[in-house]
Protein chains: 2
Amino acid sequence: MTPTPSVASRRLMLGVLGALPALPVLFGATTAQAQTAPLSSWNDGAAKQAILDFVKATTDRTSENYVPPMDRIATFDQDGTLWVEQPLYAQAFFALDRVHEMAPHHPEWKSHEPFKTVLANDLPALAHFSERDWAELLAVTHAGMSQSEFLEIATKWLATAKHPRFRRLFTELIYQPMIEVLEYLRANQFETYIVTGGGQDFVRAYSQRVYGISTQQVIGSSLVVKYQLKDGKAALMRQPKLFFNDNNDGKAIGIDLFIGKRPYAAFGNSTGDQQMLEYTGSGNGVRLKMLVHHDDAAREYAYGPAGGLPDTKVGTFTQALMDEAKARGWTVISMKSDWKRVFAFE
Amino acid sequence: MTPTPSVASRRLMLGVLGALPALPVLFGATTAQAQTAPLSSWNDGAAKQAILDFVKATTDRTSENYVPPMDRIATFDQDGTLWVEQPLYAQAFFALDRVHEMAPHHPEWKSHEPFKTVLANDLPALAHFSERDWAELLAVTHAGMSQSEFLEIATKWLATAKHPRFRRLFTELIYQPMIEVLEYLRANQFETYIVTGGGQDFVRAYSQRVYGISTQQVIGSSLVVKYQLKDGKAALMRQPKLFFNDNNDGKAIGIDLFIGKRPYAAFGNSTGDQQMLEYTGSGNGVRLKMLVHHDDAAREYAYGPAGGLPDTKVGTFTQALMDEAKARGWTVISMKSDWKRVFAFE
């Protein structure tokens, strides 16, 4: 499944040369913090206060907005909300690396777009790929194997591939303040779900280890899967066809499909999360709706209304979304002023 | 949504005349039992022993087949495995009652099949409905409203509709020995899922109250749902089109889609559960695969290899399934000899 990459391909094979560093002991450290001072990586301000007030209102038995534990559902977008999504989604880097790995078996790709651009490492052209180009890349690189085989491929990649700017594993580029929100909510008996436009099975490969979120609490986009009985053994084979697009209205639909309950808290950072926040906010009682605004070019990136980056088709925090947030009373988190620390390794 | 039913329709409106009886306090009673003697409604024998041995092997830290709690997944078919499915699925009775309720708004149904047969209360003809007939009935009676409205309609029906033979609420016709299995597994840190060919949203209307299973642990067949923003409020509208058929190979696919882990235990009673048991059994280590065989005409029903009932298109426990069970070492539960008690009310 993983032929030796060509020399040329190595430029895009991010981090394959790096050794696997020890992961920071995130959970031990922050659990202890949560008991003493919740959200310690947050500066005091409206955003932090909104989270504290929400938890108090929904967990205090004397509150008119008390929510029984079985209904405490919180949903989180992943890319740009829990970890870095610039300059590309981690899963897009994975797909590009897969194209290089698979290329020896597909000589026709050298003259066929979008593969030609990927194999030529033409980064400027790649930034202009259409959704259809990405869909073709994802279908080819993510299908044609069993679910178990895909898990192995993704796990192997995640253990070595590094981010081009931060030179760290993608799984280290998770936002420490958001990890604290996950833990704070779980300590208050909320179930924390990831609701991602990205691939459900890709995220499930690391969600437990990285976020403390089990596979059954990851909702995402998925491919058609076929049941196969081979030599008496059952396997599930990934087909190159989208089954469910968990983005935009798909996020509200996916939450209802997988959970069957309306969230009390929802966190996002782009137009892909708009319907999830609308759906959350349409419930009765107190609901927490938050958007991460990337306005910190020094520590991470600045894009959306904060400007500073060209339109890369990811993380679209439009002015219209900012206007809706204001009109509906959603809380906008400023990465720059609300977060003391962005990453755990800082 | 629920116009007054005509006099003629009342014949099929099972139990509408009955008052809502107090539900037996199932969970309090059996939880206490589970602590002292697990599976007390089971006779000693191979089936009971298989469950006890499985739990011991997977939860004993010194066992080579120890399974960490996060991987302890158990899946249960519903109709015929957790509750009565004869002479029709409860959800089919619900659909028939809905046709009568909705008929005043659909005068054309009087001359249009399969509605004509339903409205004429022609039970013998109804027994010969094709899958397509049922699909049409389900689409019409289960769609055209929001998810919240459907929940309300189903909840109202469940509170009064009664089974034609037992004259009890359908939710009272759950198998006491299986409730004890659910509780015994949960007491041993297994997550218990319903994996049903029936409607996911129908089962979610009562799963917590009746089985102690939360909505997010109910996987079933579902309709296409559309996101709608009306007067600024988000709603999810049910469309008359099947989205996911959680039966046969769909059960293995649904488990992977919703849970992302292979079960260690699976319980079924028909060919619809075959792939779920194959998929469960294809994992490594010790896996529990069980089939409920309905061979007890006196206390419940006898069908499948036990014969005694005409083919009603439900609960197909074929001879081929019995042969596969033997070949693969699945445990067949005899309702007659393995269960001391069938229902809690006995």
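Modeller: Start in chain B. The side chains of B:E172 and B:R168 form a salt bridge, with N and O 3.1 Å apart. Keep in mind that this is a predicted model. The two partners sit in unlike surroundings. B:E172 has a relative accessible area of 9%, under the 20% limit, so B:E172 counts as buried. B:R168 comes to 28%, between 20% and 50%, and is therefore partly exposed. As background, side chains of opposite charge can pair when their charged atoms come close.

B:R167 is not a glycine, yet its phi is positive, at about 55°. That is worth a second glance because most residues other than glycine have a negative phi. B:R167 lies in the loop between α7 (147-158) and α8 of chain B. Its relative accessibility is 48%, so B:R167 is partly exposed.

Now move along chain B. B:K251 and B:D273 also pair through their side chains, with 2.7 Å from N to O. This bridge links distant parts of the chain. B:K251 belongs to helix α11 of chain B, while B:D273 is in the loop between β5 (265-268) and α12 of chain B. The two are 22 residues apart. Is B:K251 buried or exposed? At 1% relative accessibility, B:K251 is buried. B:D273 is buried too, again with a value of 1%.

In chain A, salt bridges with shared partners make one network of A:D77, A:K251 and A:D273. Take one bridge of that network. A:D273 and A:K251 meet at 2.7 Å, N to O. A:D273 is in the loop between β5 (265-268) and α12 (274-281) of chain A, and A:K251 is in helix α11 (residues 249-258), so the bridge ties together parts 22 residues apart in sequence. Both A:D273 and A:K251 are buried. Over all chains, the count is 15 salt bridges.

A:N248 sits in the loop between β4 (233-244) and α11 of chain A. Its phi is positive, about 55°, although A:N248 is not a glycine. With 31% relative accessibility, A:N248 is partly exposed.

On the chain B side, the elements giving two or more residues are β2 (191-199), α9 (200-204), β3 (218-230), β4 (233-244), α11 (249-258) and α12 (274-281). Helix α11(B) gives the most, with six residues. By type, the chain B side divides into 16 nonpolar, eleven polar and ten charged residues.

How much area is involved? Chain B and chain A bury about 3,100 Å² between them, and 53% of it is on carbon and sulfur atoms. Within chain B, B:Q216, B:Y227 and B:L257 lose the most area to chain A, together 20% of what that side buries. The contact draws 37 residues from chain B and 37 residues from chain A.

Turn next to a helix of chain B. Helix α2 (residues 46-59) has 14 residues and should span 20 Å; its end C-alpha atoms are 20 Å apart, so the two values agree. Buried residues in α2(B) include B:A47, B:I51, B:F54 and B:V55. B:K48 is also among the buried ones. The buried residues of α2(B) pack against α8 (176-187), β5, β6 (288-293), β7 (331-334) and α14 (335-338) of chain B.

In chain B, the bond from B:E113 to B:P114 is cis, with omega near 0°. B:P114 is in the loop between α3 (90-102) and α4 (115-119) of chain B. In chain A, a cis bond joins A:Q86 and A:P87, with omega about -5°. A:P87 is in the loop between β1 (73-76) and α3 (90-102) of chain A.

Methods. Residues numbered from 1 in each chain as written. Chains lettered and ligands numbered in written order. Predicted model: local features only at pLDDT ≥ 70, side-chain atom pairs only at ≥ 80, totals over all residues. Heavy atoms only, no water. Contact = heavy atoms within 4.5 Å. Buried area = accessible area lost by both parts, 1.4 Å probe. Helix = DSSP H or I, 4+ residues; strand = E, 2+ residues; numbered from the N terminus. Nonpolar A, V, L, I, M, F, W, Y, C, P; charged D, E, K, R; others polar. Salt bridge = Lys/Arg side-chain N within 4 Å of Asp/Glu carboxyl O. Buried < 20%, exposed > 50% of the residue type's maximum accessible area, 1.4 Å probe, protein only. Expected span 1.5 Å × (residues − 1).
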